[in-house]
Amino acid sequence: MYFLVLLYEVFLLLLFLLLILLLVSYTASVIYGAPFVPINKKYIKEMLLFGGLKSNDVLYDFGSGDGRVLFTAIKEFNVLKAVGYEISFLPYIFSKILIKIKNLENKIFIKRKNFLKDDDFKEATFIYMYLFPEVIDKLAYQINKFCKKNIKILSVDFKIDLNKHPNFKLIKQNKIGNYYVFLYENI
Ligand SMILES: C[S@@+](CC[C@H](N)C(=O)[O-])C[C@H]1O[C@@H](n2cnc3c(N)ncnc32)[C@H](O)[C@@H]1O
């Protein structure tokens, strides 16, 4: 009997810790720019096709969540490399576990880092982002500064403000499922 009570208490404690972790993780992503709202898996391939992703691309997902876009880029397009930045602990750890299970440690690299505080973007040839406009705005300055020219930038649901960022050119836009997608090139 005593053992059962102890087990129950340990279970409650673990549940409580998990809730705290979820809350902290969610709050972090909100504070840093956009909460973890994953894109619907069934549209990822179509979006990347729309963006013209090729097997010789290196894809960066700024705010990679559970890594679903990175996995699709590797599985469906066989890109050279897929790199993600994810500030929120839970989706980050989940994506790392998936990478290990799928044995993709030499193809997918995820940094638990605020991408607004990094500048190591020189390898990117294709950028995917599903973020709020304020973050897109800050990130656009960084892309301009730290990325190669003439790379593709695919933004879901929100546009880059071309008045503020004249070095970006809108190539095309479309609606895929319920999402608006905007494809840019930095010139
Ligand atoms: C809307 S979700 C998109 C997730 C994934 N890219 C997808 O399309 O399914 C945005 C993600 O960006 C992450 N994020 C927001 N701001 C960030 C920052 N400054 N640095 C790193 N990750 C960030 C959030 O934690 C969240 O997981």
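Buried means 20 or more other C-beta atoms within 10 Å of the residue's own; exposed means 12 or fewer, partly exposed is in between, and C-beta atoms are placed from the backbone.

Some housekeeping. This is a predicted model: local features need pLDDT of at least 70, side-chain atom pairs count only at pLDDT 80 or more, and totals for chains, interfaces and linings use all residues. Residues are numbered from 1 along each chain as its sequence is written. Helices (H or I, at least four residues) and strands (E, at least two) are DSSP runs, numbered from the N terminus.

Next, the neighbour of β3. Strand β2, residues 81-85, runs parallel to β3, and 4 bridges join them; pairing takes at least two DSSP bridges. Ala 82 stands opposite Ile 108. From β2 the chain crosses through helix α4, residues 89-101, to β3, and this β-α-β crossover is right-handed. That is, with the strands pointing away from the viewer, the path from the first strand over the helix to the second runs clockwise.

Now α4 itself. Pro 91, Tyr 92, Ser 95 and Ile 99 are buried. They sit on the same side of α4, because they cover an arc of only 100° around the axis, taken from the directions from the helix axis to the C-beta atoms. Ile 97, Lys 100 and Ile 101 are exposed on the other side. Just after α4, Asn 103 has a positive phi of about 55°.
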